[in-house]
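Student: I'd like to go through this one by asking where the labels come from. Can you take me from each value to the word used for it?

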Amino acid sequence: MKKYLGLFAFLLVIYAVLLAADPAARSAYNHFNLARRVGMEGIVCIGAGLLIITGGIDLSLGSVVGFSVALTVTLLRREDFAWQPFPAMLVVILIGGFIGLVNGVLVTKVRVQAFVVTLCGMFIYRGLTKWMTGDQVQGLSGQMQHVPSWDAWTRALYSNRDAWGLLKPVNYLLGQFGVEPIAVPVSLILFLFLVLTAAVFLHFSVYGRYFYAIGNNENAARYSGVSTDLYKILAYVLCSGSAAVYGILHVMQAQSATPTQDGANLELKAIAGAVLGGCSVRGGEGNVIGIVIGTTILVLLPNLSLMLEIPDFMEFIVIGSALLLGAILDEALRSRERVSLSLVSRVFHSILSLGK
Amino acid sequence: MSHPNHPLLDAQGICKSFPGVQALQNVSLSLNRGEVLAIVGENGAGKSTLMKVFGGVYTPDAGRITFDDHRVVIPNVDRAQKLGIVLIHQELNLAENLDIAGNIFLGREPTWGGPLRLVRRQILKDAEPILRRLGVSLSPRQRVANLSIGQKQLVEIARALSLKSRVIIMDEPTSSLTQRETDRLYEVIRDLKRDGISVLYISHRLKEVQVVADRVVVLRDGRNAGELTAAEINHDSLVRLMVGRELKQFFQRTHPEKATRCVLEVKGLHWKPNQAPISFKLNAGEIVGMAGLIGAGRTELAETIFGIRKALAGQIAIDGKPVRLGRVRRAVAAGVYLVPEDRRGQGLVLEASVSDNLSLPSLDRLQHWRFVALRRVRNLAEEMKQRLNIRTPTLSQRVGLLSGGNQQKVVLGKWLGRSPRVLILDEPTRGVDVGAKSEIYALMDRFAGSGVAVLMISSDLEEILGMSDRVLVMHEGRLAGELDLASLSEALVMRLATGAGTNKSADCTETGPNL
């Protein structure tokens, strides 16, 4: 509990610094963009988080995103068979889930290490992406004659700023106080919906109990009659499925597929978000609220460095350092037990004792 | 200066607590020079914690330790070793890839100038006299990985000697030794004593304590429960101090004598190639003991019946209805449950709470539309806590913090809620203290009384002889024979277990009207 309060406080501090640093950060536009990114990255963080809780890991997530983007664009661009968007999306999500199924079966039935299976997947699906697109950027603009309403459609679904009029009363009220109208991106709404579903799944359903039990001690779960392989496979399917959803949202935003770029490093960000949010890579630990906070911190940090005019290339350094600091603090909290030292002095202590 | 009549090690008022547990409360003991002091107590009595305080693994919350007439603080293992106190853990800590000499001097290798140049010849030479002193005829060049557990134990002791130890602490040293290795260890301890080295000896086995100890200190619930001198040590006085009460009847037997209705039939089962198929029957309301040496295949048989392990061929049937093999869920649905051998690795999710562990196998029943029915989970856990007398402060306590006996009760309780038909218990009392042991026996008796077929796998012959209605003996992956209550004897079981003789009727042909 303490851990999550600490994380939340950290999030508030970052947010406060962000608001204080630059007037541009306070704009409705920046907030809209932040919310959109939280929504998108949050979806894969939840997927990766569920998997990490069962003790699994998925390094192929970023490549599966790239593959899903390319697949969506390729399907929509086909001239011989004009795919409508919804069936195309359904196919992409199903194929994403199928990739998860393959990963899961390789891990549970063929007993290859998850790290190795998904590392290979990372190469294979990136490669398939390049092959499918001819290693060229594939645009959708001017290609969607069979769906005349495509632009309006994606706008409505992806960047619809007042969320189908749901925000009108709120913005009317805000207007009375002279506040800029707010906008909520659909990716965030979708994310919040997923958060709710995942929270119910993980914390109130029987399956959630199985996930934690498997993550903590797979053998004990097996000896208790839990179909461990089935639930582990399910976790891989959910994780790759979340990557497919991310890919579709990305197509709606970018209107193109960039084979080398789409989803690059995203697996690392997803793992980082989940771990920052309190999931343990050993499995069995973490919860949905934590993952949400972790994701938000992960999105705010680069924005903060942007606003503080720290150069772009510093982004990874900032993320890596934040993650490392979080891990050190977590370990300090854990080993503190009953010694009433403040966190900071404890960390200091352990750094000093390294020199001994 | 040290005084020969003063104790070498004296501890007064040691307290140590962990979150939720007061492990040691005002514990005192003193150890003389050249004395073997046994520390006895139930699981969770605080023996290991106390030893870790001396060994520098834990720092006590309160209390004072005097060593050689000096007040000392032992903040870490290094300091303990400098004082001459060496703790030999129950799980041996040896580098398997190194040879004996390398292990004895691990971390203290003499070097020639720089740290990278290890003087091999020197340590091989230095290891020689230490091994000779222990009467070990092994070459210091032998790789530790190839040694038996007993030999590894001796390497640990050699390491302790090379540290010029004055106190050697042995935490359940014989738990995985053969009888011959145990006897050898006794001799070594006697030699150590003659050389003026003191030994703190932790054990569960009362017999051993009688053989080896000069004095016994008994701990109960983290406090001193009493002390006995060598002359006073006997089974009853020890148990009385450990448990705090007389155990009325250790092996309970109230269930009816004649069980004839067959519940489980195993036919032609085998799980590895070139293995003789195994067939036997279990009747409702009987306790069948399964004896055999370690590695005889008893655990594998249990796992195959339970569906954890794939069978190559064979059938099992419950009440005459065949059950599909290789699926735990099918076995569970048929009412066949396994309490596994490795409690911490297979029986429990140590990080989860008592109530989560108790409910894990029954969640499919404790749910509404796939949502966990929290009230029913709580009721089940509360009921199991009462029925099994699980001692835990709350049901949300982490299982890993309970003592071994209470952990074992939780593992049993996992299946109790599902009304078992066949209960397979794999080493149900291993690492469990005397008090909990008799409770578990009483439970098994009650199971049998209510018509459950109980198969008890055990390496403890006393337990096999005391509890079983019938005994199956395995030897090298096959059933070597079956003994009924009338023909049961320790010698016969051992004969069959070691492959010295075969009893012709391996399956229970005289039982069961149908099938």
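Tutor: Start with helix 6 (residues 179–194) of chain B, which in this predicted model lies across strand 3, strand 9 (167–171) and strand 10 (198–202) of chain B.

Student: What angle does helix 6 of chain B make with strand 10 of chain B?

Tutor: Helix 6 runs at about 145° to strand 10 of chain B. Angles are taken between N-to-C directions on a scale from 0 to 180 degrees. Helix 8 (residues 235–243) of chain B lies across strand 3, strand 11 and strand 12 of chain B, and runs at about 30° to strand 11.

Student: Which order do the strands of the sheet take?

Tutor: In chain B the order is 6-9-10-3-11-12, an open sheet of 6 strands with mixed pairing.

Student: What makes strand 6 (85–88) and strand 12 (223–229) of chain B edge strands?

Tutor: Each of those two pairs on one side only. On average, neighbouring strands of this sheet are turned by 20° against each other, direction ignored.

Student: How do you know that strand 3 (residues 36–41) and strand 11 (residues 215–220) of chain B pair?

Tutor: Pairing takes at least two bridges. Strand 3 and strand 11 of chain B have 5 bridges, in the parallel sense, so they count as paired. Within that pair, B:Val40 stands opposite B:Val218.

Student: Why is B:Arg253 called partly exposed?

Tutor: B:Arg253 has 17 other C-beta atoms within 10 Å. Buried would need 20 or more, and exposed 12 or fewer, so B:Arg253 is partly exposed. Its place is in the loop between helix 8 and strand 13 (262–270) of chain B.

Student: Which residues touch the most other members of the largest nonpolar core?

Tutor: Of its 170 residues, they are A:Ala48, A:Ala213, B:Ile424, B:Met444, B:Val454 and B:Met456. Helix 11 (residues 228–254) of chain A gives this core its largest share, 15 residues. There's also a second, separate core of 66 residues, with B:Ile39 and B:Phe105 among them.

Student: Which residues does A:Ala213 touch?

Tutor: Leaving out residues up to four places away in sequence, A:Ala213 touches A:Ala220, A:Ala221, A:Val226, B:Val349, B:Ala352 and B:Leu360. Touching here means C-beta atoms within 7 Å.

Student: How many residues are in contact between chain A and chain B?

Tutor: 18 residues of chain A are in contact with 23 of chain B. On the chain A side, helix 9 (206–216) and helix 10 (218–223) each supply at least two residues, and helix 9 has the largest share, 5 residues. That side divides into 6 nonpolar, 8 polar and 4 charged residues.

Technical notes. Residues are numbered from 1 along each chain as its sequence is written. Chains are lettered from A and ligands numbered from 1 in the order in which they are written. This is a predicted model: local features need pLDDT of at least 70, side-chain atom pairs count only at pLDDT 80 or more; totals for chains, interfaces and linings use all residues. A nonpolar core is a set of buried Ala, Val, Leu, Ile, Met, Phe, Trp, Tyr and Cys residues joined through C-beta atoms within 7 Å. Helices (H or I, at least four residues) and strands (E, at least two) are DSSP runs, numbered from the N terminus. Two residues are in contact if their C-beta atoms, placed from the backbone, lie within 7 Å. Ala, Val, Leu, Ile, Met, Phe, Trp, Tyr, Cys and Pro count as nonpolar, Asp, Glu, Lys and Arg as charged, and the others, Gly among them, as polar.
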